[in-house]
Number of protein chains: 2
Amino acid sequence: MVQKAAETKTKPISVIIVEDFKLTRVGLRCALNANDDINVVAEAEDAVEGLKLIEKHKPDVILMDLGLPGMNGIEAMVKCKEMMCDSKIIALTSHDRCEEVIAALSSGASAYCLKDIDPNKLADVVRDVSTGVCWIDPMVAQMTLNALPKIDNIGFLPNKSNSEGRVPLTEREFEVLKHLVSGKSNTEIAKELIVSVHTAKAHVCSILQKMCVNDRVQAAVKAVKEGMV
Amino acid sequence: MVQKAAETKTKPISVIIVEDFKLTRVGLRCALNANDDINVVAEAEDAVEGLKLIEKHKPDVILMDLGLPGMNGIEAMVKCKEMMCDSKIIALTSHDRCEEVIAALSSGASAYCLKDIDPNKLADVVRDVSTGVCWIDPMVAQMTLNALPKIDNIGFLPNKSNSEGRVPLTEREFEVLKHLVSGKSNTEIAKELIVSVHTAKAHVCSILQKMCVNDRVQAAVKAVKEGMV
DNA sequence: CAATAAATTAGACAGTAGGGTAATGGATTA
DNA sequence: TAATCCATTACCCTACTGTCTAATTTATTG
């Protein structure tokens with residue numbers, strides 16, 4: 001496992017653990033910190049504390065237990081998204097109830113692990129998830145896939161209208177897009193990014209053109225539907 | 001990578017490749033066979049041939065290109081499931097169209113890889129998938145998660161946005177909301193519903209209040225995220 | 001029948017959105 | 001060095017948004 005750290009000489013993946021059981025928390029920390037490319041930067045034993053730490057550290061990956069006392073893990077993930085947190089979330093639980101799995105994945109989690117996962121495997125999942133991969137435990141993978149809407153699968157001809165002629169957004173434009181999706185006005189976006197309203201408008205204009213839409217509502221809907229944010 | 005083969009001394013993971021481009025096929029075979037724990041047992045250049053080989057070899061994992069001539073990959077996966085094949089399927093394509101991704105995953109694929117994946121990573125995915133993991137490429141992960149049904153209706157989110165304090169939209173308002181989400185202006189909505197602009201505005205106003213949002217962008221995003229439309 | 005809710009219309013008003021054009025400095029690239 | 005892209009700012013102008021108040025009609029329900 002540790003060899004992988006040598007392969008990628010970039011800075012380690014920062015991780016925050018939110019888990020109420022002390023022993024499990026220690027176990028997770030040890031298992032992950034044994035990897036040179038993974039660094040557990042903080043731990044919390046409940047969601048409120050966890051959210052504070054997440055806001056402070058802005059980790060690459062969050063290990064979130066779902067069965068937390070008080071605010072549960074799914075609520076915490078929703079709050080996390082509300083505060084425009086870019087961290088990838090791994091839902092960690094011992095349950096394999098279908099509704100819980102779907103609720104977690106549709107509320108912000110990028111991965112779903114059962115707690116009996118092999119520690120080394122978990123490190124792999126952390127790496128995968130940090131790059132944006134969606135990873136779902138074998139025990140619940142099929143039920144998740146079954147929950148996807150069934151699409152009439154005939155008629156798939158190479159319609160490359162999407163990825164081809166598409167102009168990519170710049171980093172700054174993505175930033176603006178996020179705020180736009182959260183419903184902010186140009187004035188609010190400008191205040192948020194500490195630029196003038198003119199700049200914000202310029203970015204929005206550019207976003208609309210690149211996304212081939214007529215107004216910010218269409219841009220927001222498209223961004224949400226295509227998972228750009 | 002090869003060390004992993006030593007770790008698991010069981011028999012290698014058998015793989016069948018279904019891909020029309022000869023060069024890609026060779027590339028896949030070489031990349032995978034470089035791993036001691038993975039064994040490419042057969043290759044096909046179209047779906048019909050592929051299905052025959054799959055029935056014959058019953059491989060652990062199938063690497064299925066989606067853009068095949070004749071019967072496409074998604075149809076092939078459906079047929080595969082029909083013949084009670086237990087093989088795990090990795091959908092391999094260069095497209096990132098939402099419908100194609102969802103169609104593939106809901107038609108039998110356990111993983112979705114874009115073709116620019118790192119060969120070593122692909123071997124990892126083959127290993128993961130052979131154990132039943134669901135693995136989705138970063139480029140399309142978010143879009144897939146967004147396609148999952150939104151579940152707020154269970155006890156996971158004991159908040160106000162549910163049946164409790166929420167005022168339900170009327171039928172007409174839902175109609176307006178749909179047009180709103182599609183990016184139409186009040187004028188366009190009015191034209192569509194054959195009412196005056198004043199009426200359309202009145203409905204929109206009412207929608208915003210009932211949905212507890214400040215503007216139509218937030219309404220649209222909320223509607224999409226919660227699967228109201 | 002009366003009360004209630006929904007759908008419809010209208011006028012007015014402050015604020016916002018989006019398009020167009022143009023200019024500047026910084027960074028990267030050919 | 002020149003060319004190009006990006007972020008930034010500015011101004012103008014038209015059109016649209018969201019809220020308010022107010023009125024009419026229709027349907028449903030107690």
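Author: Helices (H or I, at least four residues) and strands (E, at least two) are DSSP runs, numbered from the N terminus. This is a predicted model, in which local features need pLDDT of at least 70, side-chain atom pairs count only at pLDDT 80 or more, and totals for chains, interfaces and linings use all residues. Residues are numbered from 1 along each chain as its sequence is written, chains are lettered from A and ligands numbered from 1 in the order in which they are written, and side-chain values use heavy atoms, with hydrogens and water left out.

Reader: At what angle do helix α11 of chain A and helix α11 of chain B pack?

Author: Two packed helices are described by the angle between their axes and the distance between the axes. Axes are lines fitted to C-alpha atoms, for helices over the stretch in contact, and angles run from 0 to 180 degrees between N-to-C directions. Here α11(A) and α11(B), residues 216-225 in each chain, pack at about 25°, with axes 9 Å apart.

Reader: Which residues make the contact of α11(A) with α11(B)?

Author: Contact means heavy atoms within 4.5 Å. On α11(A) the residues are R216(A), V217(A), A220(A), V221(A), V224(A) and K225(A), and on α11(B) they are R216(B), V217(B), A220(B), V221(B), V224(B) and K225(B). Eight of the contact residues are nonpolar, none polar and four charged. In these classes Ala, Val, Leu, Ile, Met, Phe, Trp, Tyr, Cys and Pro count as nonpolar, Asp, Glu, Lys and Arg as charged, and the others, Gly among them, as polar.

Reader: How many residues surround DNA strand C?

Author: A residue is near a strand if one of its heavy atoms lies within 4 Å of it. DNA strand C is surrounded by 16 residues, the closest being K201(A), T170(B), S196(B), T199(B) and H203(B). By class, this surface has four nonpolar, seven polar and five charged residues. Its largest share, five residues, comes from α10(B).
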